[in-house]
Amino acid sequence: PGSIARLCALAPPDMGIIIAIGHAHYERFKTIDTVADAKFELAEAVAAKNGKVVVPTDLLHFAKPQTLQKTHPALFVTQENERIKTVQTDKGITVTVPWQGKDYTLDVPVYGLQQGTNIALAFTAACTLGIDPDTVRTALRSLPQIAHRLEVKPQPGAATIIDDAYNSNPTGFSAALDVLNHLKRPDGRRILVTPGMVELGAAHDEKHA
């Protein structure tokens, strides 16, 4: 708590994107509500500049965003998670996202179903800034993979390495296993090398199970 606020004081943001409230670093925060309070320090900083924060609607049930909605009713630009449709393909993901009454299909060469929400919120943020949706869609087609974050690396011969070694949380770990299943050839096998997930505190056993 307080880390995001300090960063925002250094570089006051005009726009924010808050993707999820989850169990990453749970050992330090102890409760999901504390995680939410820390994440929405970003929204407080954006509100101070009369900017916009793009969020999934299911994050707005926490106490801090509810308070911010009352004091800054135009602060949040939302996307409903259930209206974001993501399909894993051999070449990445295809995301269908609504914007101003129309659905847009985005083909993006990154892997992991959890990236669908990330892509949808980035698309929404760009459109909120006034960029044409078709321009955003074109740009996303050449989005590079992020090193060590569900990075798919075909090797000479038969093997493919899925490099998700940067860090981990329950949602990302599950997504990595889904990609492992999806990319396995019918006659191939899967090998998982992992130290497990750290900093989960009291949620460690449940999340690993």
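This is a predicted model: local features need pLDDT of at least 70, side-chain atom pairs count only at pLDDT 80 or more; totals for chains, interfaces and linings use all residues.
Residues are numbered from 1 along each chain as its sequence is written, and side-chain values use heavy atoms, with hydrogens and water left out.

**View 1. Helices α6 and α7.**
The axes of α6 and helix α7 (residues 133-140) come within 9 Å and cross at roughly 140 degrees. Axes are lines fitted to C-alpha atoms, for helices over the stretch in contact, and angles run from 0 to 180 degrees between N-to-C directions. Helices (H or I, at least four residues) and strands (E, at least two) are DSSP runs, numbered from the N terminus. α6 and α7 are therefore oblique to each other; angles under 35 degrees count as roughly parallel, over 145 as roughly antiparallel, 65 to 115 as roughly perpendicular and the rest as oblique. On the α6 side the contact involves Ile-119, Phe-123, Ala-126 and Cys-127, which meet Pro-133, Val-136 and Leu-140 of α7. Contact means heavy atoms within 4.5 Å. By class, this contact has seven nonpolar, no polar and no charged residues. Ala, Val, Leu, Ile, Met, Phe, Trp, Tyr, Cys and Pro count as nonpolar, Asp, Glu, Lys and Arg as charged, and the others, Gly among them, as polar.

**View 2. Helices α1 and α4.**
Helix α1 (residues 3-10) packs against helix α4 (residues 41-48) at an angle of about 30 degrees, and their axes are 8 Å apart. The two helices are therefore roughly parallel to each other. α1 passes α4 in a right-handed crossing. Ser-3, Ile-4, Ala-5 and Cys-8 of α1 make the contact with Glu-41, Leu-42 and Ala-45 of α4. The contact of α1 with α4 has five nonpolar, one polar and one charged residues.

**View 3. Helices α3 and α4.**
The axes of α3 and α4 come within 4 Å, crossing at roughly 30 degrees. α3 and α4 are therefore roughly parallel to each other. Asp-37, Ala-38 and Lys-39 of α3 make the contact with Glu-41, Leu-42 and Ala-43 of α4. By class, the contact of α3 with α4 has three nonpolar, no polar and three charged residues.

**View 4. Aromatic pairs.**
Rings of Phe, Tyr and Trp (its six-membered ring) pair if their centres lie within 6.5 Å; planes under 30 degrees apart count as stacked, over 60 as edge-to-face and the rest as tilted. By this rule the count comes to two aromatic pairs. Phe-40 and Phe-76 form an edge-to-face pair, 6.1 Å centre to centre with 75 degrees between the planes. The pair links distant parts of the chain, 36 residues apart: Phe-40 is in the loop between α3 (32-39) and α4, and Phe-76 is in strand β3 (residues 76-79). Phe-40 counts as buried at 0% relative accessibility, and Phe-76 is buried with a relative accessible area of 13%. Buried means under 20% relative accessible area, exposed over 50%, partly exposed in between (1.4 Å probe, protein chains only).
The ring centres of Tyr-104 and Phe-123 are 5.5 Å apart and their planes are at 45 degrees, so the pair is tilted. Tyr-104 lies in strand β6 (residues 102-108) and Phe-123 in helix α6 (residues 115-128), so this pair ties together parts 19 residues apart in sequence. Both Tyr-104 and Phe-123 are buried.

**View 5. Two residues of strand β5.**
Ile-93 lies in strand β5 (residues 92-99) and is buried, with a relative accessible area of 1%. Not counting residues up to four places away in sequence, Ile-93 touches residues including Leu-106, Val-108, Tyr-111 and Ile-119. Val-95 is also placed in β5 and counts as buried at 0% relative accessibility. Leaving aside neighbours within four places in sequence, the contacts of Val-95 include Ile-84, Tyr-104, Leu-106 and Ala-120.

**View 6. Positive phi in two loops.**
Most residues other than glycine have a negative phi. Asn-50, in the loop between α4 and β2 (52-56), has a positive phi near 55 degrees. Gln-100, in the loop between β5 and β6, has a positive phi near 50 degrees. Asn-50 counts as exposed at 68% relative accessibility, and Gln-100 counts as exposed at 72%.

Key:
A crossing is left-handed if the near helix is turned anticlockwise from the far one by less than a right angle, and right-handed if clockwise.
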